[in-house]
Amino acid sequence: MMDWVATAKAAFATEKPEHFTNYNHCGECAEHDATLKEADVDTIGIEALGNPSWDPICFCHTEGKKYYLPALVRLSIETIHTEFYFEQFLFHLSGDDDQTSLHRSCSMAQRKFIEAFLAHMIECYAHEIELHTCTDDLLHAHQTWSSAYKNSGDSLK
C-alpha cells in the first residue's frame with residue numbers, strides 16, 4: 001500500500017517560503033501568513049486549516065500551496081471519517097484562477113501524483129465522498145489533474 005503522505009513529501013519537496021501570503025495587504029492576510037509560518041507540513045493541523053470560511057490556504061501564493069500540499073493530503077486522509085477536510089482540498093485543486101495556477105506550476109510528476117491520489121480517493125472512499133456531496137467536484141479535479149499528461153500520451157505507469 002502506498003504511503004501517500006511520504007510520496008507527497010517527496011513529490012513536493014521544497015524549502016519553506018519566508019512568507020505565504022501578501023502579508024502587508026491587510027490584517028487578515030497577515031494573520032493567515034503568521035499561521036502558515038508558525039507550522040510546517042508535519043505540524044499544521046485541522047485546527048489551523050479546517051474552517052472553510054477562515055482557511056489560510058485560500059490566501060496562500062502558489063509556492064506556499066505547493067509547500068503545504070503534503071499536509072493537505074495528510075489532512076484529507078486523517079479526517080476522511082471525521083471533519084472531512086477533503087472537500088477543502090478539492091477546492092484548492094479546482095478553485096478560481098489562483099488555484100488553477102497551482103496546476104500550471106506543478107511538474108508532470110507532481111500532476112501525476114495528484115491524479116493518482118484523487119484516483120485512490122475515488123477507489124477507497126467513494127461512500128464518504130458521496131455522503132459529503134463532493135463526487136462532482138472530485139471527478140472535475142481528477143479530470144483537470146490528469147488531462148495534461150493523458151492528452152500527451154503519457155501515463156501513470
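In the predicted model, buried residues account for 46% of the 157 residues of the protein. The secondary structure comprises eight helices and zero strands, and the order of elements from the N terminus is accordingly written α-α-α-α-α-α-α-α. Among contacts with a sequence separation of 6 or more, 70% are formed by residues 24 or more positions apart.

Two packed helices are described by the angle between their axes and the distance between the axes. Helix α1, spanning residues 4-11, packs against helix α7, spanning residues 108-131, at an angle of about 165° and with the axes 10 Å apart. Because this angle lies over 145 degrees, α1 is roughly antiparallel to α7. The crossing of α1 past α7 is left-handed. On the side of α1, the contact is made by Trp4, Thr7, Ala8 and Ala11, and on the side of α7 by Gln110, Phe113, Ala116, Phe117 and His120. The residues of this contact divide into six nonpolar and three polar, with no charged residue.

Arg74 belongs to helix α4 and, at a relative accessibility of 13%, counts as buried, because the cut-off for burial is under 20%. When residues up to four places away in sequence are not counted, Arg74 touches Val5, Val41, Asp42, Thr43 and Ile44. Ser105, in contrast, counts as partly exposed at 28% relative accessibility and lies in helix α6, which covers residues 97-105. With neighbours within four places in sequence left aside, Ser105 is in contact with Thr62, Lys66 and Gln110. Gln110 also takes part in the contact of α7 with α1. The C-alpha atoms of Ser105 and Glu63 are 8.4 Å apart in space, although the two residues are separated by 42 residues in sequence.

Most residues other than glycine have a negative phi, and most peptide bonds are trans. Phe84, which is not a glycine, has a positive phi of about 55°. This residue is placed in the loop between α4 (62-78) and α5 (86-94), where Phe84 is buried with a relative accessible area of 5%. Thr133 likewise has a positive phi, near 50°, in a residue other than glycine. The position of Thr133 is in the loop between α7 and α8 (135-151). Thr133 is exposed, with a relative accessible area of 65%, whereas Phe84 is buried.

The cysteines were also inspected. A disulfide is a covalent bond between the sulfur atoms of two cysteines. Cys58 is in no disulfide, and the nearest cysteine sulfur, belonging to Cys60, is 9.8 Å away.

Key:
Residues are numbered from 1 along each chain as its sequence is written. This is a predicted model: local features need pLDDT of at least 70, side-chain atom pairs count only at pLDDT 80 or more; totals for chains, interfaces and linings use all residues. Side-chain values use heavy atoms; hydrogens and water are left out. Axes are lines fitted to C-alpha atoms, for helices over the stretch in contact, and angles run from 0 to 180 degrees between N-to-C directions. Helices (H or I, at least four residues) and strands (E, at least two) are DSSP runs, numbered from the N terminus. Angles under 35 degrees count as roughly parallel, over 145 as roughly antiparallel, 65 to 115 as roughly perpendicular and the rest as oblique. A crossing is left-handed if the near helix is turned anticlockwise from the far one by less than a right angle, and right-handed if clockwise. Contact means heavy atoms within 4.5 Å. Ala, Val, Leu, Ile, Met, Phe, Trp, Tyr, Cys and Pro count as nonpolar, Asp, Glu, Lys and Arg as charged, and the others, Gly among them, as polar. A disulfide is a pair of cysteine sulfur atoms within 2.5 Å. Buried means under 20% relative accessible area, exposed over 50%, partly exposed in between (1.4 Å probe, protein chains only).
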